Amino acid sequence: MAGSNPSPLAKYKLVFLGDQSVGKTSIITRFMYDKFDNTYQATIGIDFLSKTMYLEDRTVRLQLWDTAGQERFRSLIPSYIRDSSVAVVVYDVTNRQSFLNTVRWIQEVRTERGSDVIIFLVGNKTDLVDKRQVSLEEGDAKARELSVNFIETSAKAGFNIKALFRKIAAALPGMESAAAAKQEELVNVQLTPATVSLSAPAAQQASSCSC
């Protein structure tokens, strides 16, 4: 089908969620402009930014939607979640309540999108070592419990920000199917050596690109 292939500049909507002051805007600003501002104003409503990412095999445009964490803007958020490809739920590792509230944010995403969305749980502000209230292990355990991706970051120090977006890009629809196809090809070689019609050309392919 002609329409099934992603266009050269496939667009993906990323919505950033989480309590007020956990660092959603800071993460986006560090990714977009590689800078950090100590004097952020609280996001009012929803902000939108767009950035093109150049990946190994294709180029994608990420549409970043930065939502306000304040309760009074809560009613706006479901409509932004509705057509998103990725939900990035951020908490502050120095604020235990913001971590506990991520369960509610993730539930809201799943209510709107079901399983048609990639969810990342992000523990931000790792530079504030002495004030940490949520351990790396606890964040990781919560992510496993909720079946979401997990990473810790520091927007201030620039720690893991690029890694976060690389992980997001790798998980985007279309990226995973390409990776799965490659993996499947290798699995066929390993598991069905007796199937001559499959294994002979596949083995040649595998040996020619043993990377």
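Predicted model: local features only at pLDDT ≥ 70, side-chain atom pairs only at ≥ 80, totals over all residues.
Residues are numbered from 1 along each chain as its sequence is written, and side-chain values use heavy atoms, with hydrogens and water left out.

Q: Why is Ala143 called buried?
A: Buried means under 20% relative accessible area, exposed over 50%, and partly exposed in between, with a 1.4 Å probe and protein chains only. Ala143 has 1% relative accessibility, so it counts as buried. Ala143 lies in helix H5 (residues 136-146); helices (H or I, at least four residues) and strands (E, at least two) are DSSP runs, numbered from the N terminus.

Q: Which residues does Ala143 touch, not counting residues up to four places away in sequence?
A: They are Leu121, Val148, Asn149 and Phe150, where contact means heavy atoms within 4.5 Å.

Q: Why is Asp47 called partly exposed?
A: The relative accessibility of Asp47 is 37%, so the label is partly exposed. Asp47 belongs to strand E2 (residues 46-54).

Q: What is Asp47 in contact with, leaving aside neighbours within four places in sequence?
A: Asp47 contacts Leu64, Trp65 and Asp66. The C-alpha atoms of Asp47 and Asp66 are 5.0 Å apart, although 19 residues separate the two along the chain.

Q: What makes strand E1 (residues 9-17) largely enclosed by the rest of the structure?
A: In E1, 7 of the 9 residues are buried, so the strand is largely enclosed.

Q: How do you know that E1 and strand E3 (residues 59-67) pair?
A: Two strands pair if DSSP finds at least two bridges between them. E1 and E3 have 8 bridges, in the parallel sense. Lys13 has Gln63 in E3 as its bridge partner.

Q: In which sense do E1 and strand E4 (residues 86-92) pair?
A: The sense is parallel, over 4 bridges. Val15 stands opposite Ala87 in E4.

Q: Why is helix H1 called roughly perpendicular to helix H6?
A: The axes of H1 (residues 24-33) and H6 (residues 161-171) come within 9 Å and cross at roughly 90°. That makes H1 roughly perpendicular to H6, since angles under 35 degrees count as roughly parallel, over 145 as roughly antiparallel, 65 to 115 as roughly perpendicular and the rest as oblique. Axes are lines fitted to C-alpha atoms, for helices over the stretch in contact, and angles run from 0 to 180 degrees between N-to-C directions.

Q: Which residues meet where H1 contacts H6?
A: Ile27, Arg30 and Phe31 in H1 meet Ile161, Leu164 and Phe165 in H6.
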